[in-house]
Each structure stands twice: as structure tokens, then as C-alpha cells.
Amino acid sequence: MLKSLTVATFAVALATLPAPEARADAGDVVGGLIVGGLIGAAIANSNQGGNRATTGGGGGGGIPASQMGRDTQTALNYFGFNAGSVDGQIGAGTRQAIERYQAVMGYPVNGRDYATYQYDMLMQAYYWAINGGSAQTGLVGTPLLVAYRDAQVAPQQPQVVVVPAPAPAPAPAQVVAQPPAQTTIVPAPAPAPSK
């Protein structure tokens, strides 16, 4: 409010007071550009004040109090980790929920070091779950998250396929040369004499 009042007062003063004839040399132009740049940068920084990301307390990484924080809290709550209210502010409750999530996923457990790959996995699982993953599997909460993780990990692991050994081929039939069969000629019985 004070900034707006100051800017309005300055604008009115410039508009109502007569401007004397101005003459500037190169030094004055450079000085004006520097001062103008500093003023412009100050205005830009003050306008970004509401959008500036802040980390949630000391230590390493941290989640900005922003849309990323709200998304994280929403997904953690969906999977049953109870991050508390969805406000984008990363406090003790959200950090504890992140640690529970990290433990389930097998990540290093430290609620202050929330790596991008952990956030990405959480959000991909969340979007999959709300877009049919829960209905498809019939799961909810943490088991649904674990099912997503397992489905993502499984294709990356080599699959072992057991192929049974072929049955041994039957031994080829051996052809054994037989000696030619002996033919015995038996004379027909003689007719009996007539009487």
C-alpha cells in the first residue's frame, strides 16, 4: 500500500510541475541508465516477492512453499502418508510424511533431502492412480503406490525364461542285414496207389 501511494505521489508531482529544459552529456546518460536499471530491478524483485520459492527450513534441499509443495502434500495424503493440510508450506508434518514415503519406497530416509526423482515417482504414481490405476488394480493407499513402483521396476529387470531341454531324438532304426532265408523245397506227397 505504501509503495503504491509513493509511486502515485511521484507520478502526480512529475505531471504537475513544469519541467525545466534538460541537457545531458554522455556521463549523465550513463548515470541515468544505471539508476534506471537499479530502480527497474528493485521493482521487478518486489513484484516477484509473492512468487519467490522458499525452502522449508535449514539443511539441504527442501521443498518450495509453492505448487510443488501442494502437489507433494496432495499425493502423500492420497497414498495414506498424512502430510496434513494442503497449503504448500513444508512443515514438520509434511517432512514426516515424506520420510514415511521414502521408507516405503526404499529411498534414503531424510525428509529434508527430497530428491527430484522421488518427487517425480510420487507424482507419476499419483496421476496414474487417479486416472484409472486404482480402479484397474482394486488397490488404494500405500499398497497402490507399491504396486505402481513394482510395475515400474519389473520391466527394467532382466526376465529369466526357462526353456525345457528338447526331448532326446529316438535312435535311428538300425538296419541289420539278414542272411537270405533258406528255401527248402518239400516234394508234394505222392498219390496213393489205386486198388
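This is a predicted model: local features need pLDDT of at least 70, side-chain atom pairs count only at pLDDT 80 or more; totals for chains, interfaces and linings use all residues.
Visitor: What share of the residues is buried?
Guide: Of the 195 residues, 20% count as buried. Buried means under 20% relative accessible area, exposed means over 50%, and partly exposed lies in between, with a 1.4 Å probe and protein chains only.

Visitor: Which residues have the most contacts inside the largest nonpolar core?
Guide: They are Leu76, Phe79, Phe81, Tyr101, Leu122 and Leu145, in a core of 21 residues. A nonpolar core is a set of buried Ala, Val, Leu, Ile, Met, Phe, Trp, Tyr and Cys residues joined through side-chain atoms within 4.5 Å.

Visitor: What does Leu76 touch?
Guide: Not counting residues up to four places away in sequence, Leu76 touches Phe81, Asn82, Ala83, Thr94, Ala97, Ile98, Tyr101 and Leu122. Contact means heavy atoms within 4.5 Å.

Visitor: At what angle do H3 and H4 pack?
Guide: The angle is about 55°, and the axes are 10 Å apart. H3 is therefore oblique to H4. Axes are lines fitted to C-alpha atoms, for helices over the stretch in contact, and angles run from 0 to 180 degrees between N-to-C directions. Angles under 35 degrees count as roughly parallel, over 145 as roughly antiparallel, 65 to 115 as roughly perpendicular and the rest as oblique.

Visitor: Which residues meet there?
Guide: Thr72, Gln73 and Leu76 in H3 meet Thr94, Ala97, Ile98 and Tyr101 in H4. By class, this contact has 4 nonpolar, 3 polar and no charged residues. Ala, Val, Leu, Ile, Met, Phe, Trp, Tyr, Cys and Pro count as nonpolar, Asp, Glu, Lys and Arg as charged, and the others, Gly among them, as polar.

Visitor: Is Thr94 buried or exposed?
Guide: Thr94 is buried, with a relative accessible area of 3%. Leaving aside neighbours within four places in sequence, Thr94 is in contact with Gln73, Leu76, Ala83 and Gln89. The C-alpha atoms of Thr94 and Phe81, 13 residues apart along the chain, are separated by 8.8 Å.

Visitor: Now H4 and H6: what is their packing angle?
Guide: H4 (residues 92-105) and H6 (residues 141-153) pack at about 45°, with their axes 11 Å apart. The two helices are therefore oblique to each other.

Visitor: Which residues form that contact?
Guide: Tyr101, Val104 and Met105 in H4 meet Thr142, Leu145, Val146 and Arg149 in H6. The classes here are 5 nonpolar, 1 polar and 1 charged.

Visitor: And Arg149, buried or exposed?
Guide: Arg149 is buried, with a relative accessible area of 19%. Arg149 touches Val104 and Met105, not counting residues up to four places away in sequence.

Notes: Residues are numbered from 1 along each chain as its sequence is written. Side-chain values use heavy atoms; hydrogens and water are left out. Helices (H or I, at least four residues) and strands (E, at least two) are DSSP runs, numbered from the N terminus.
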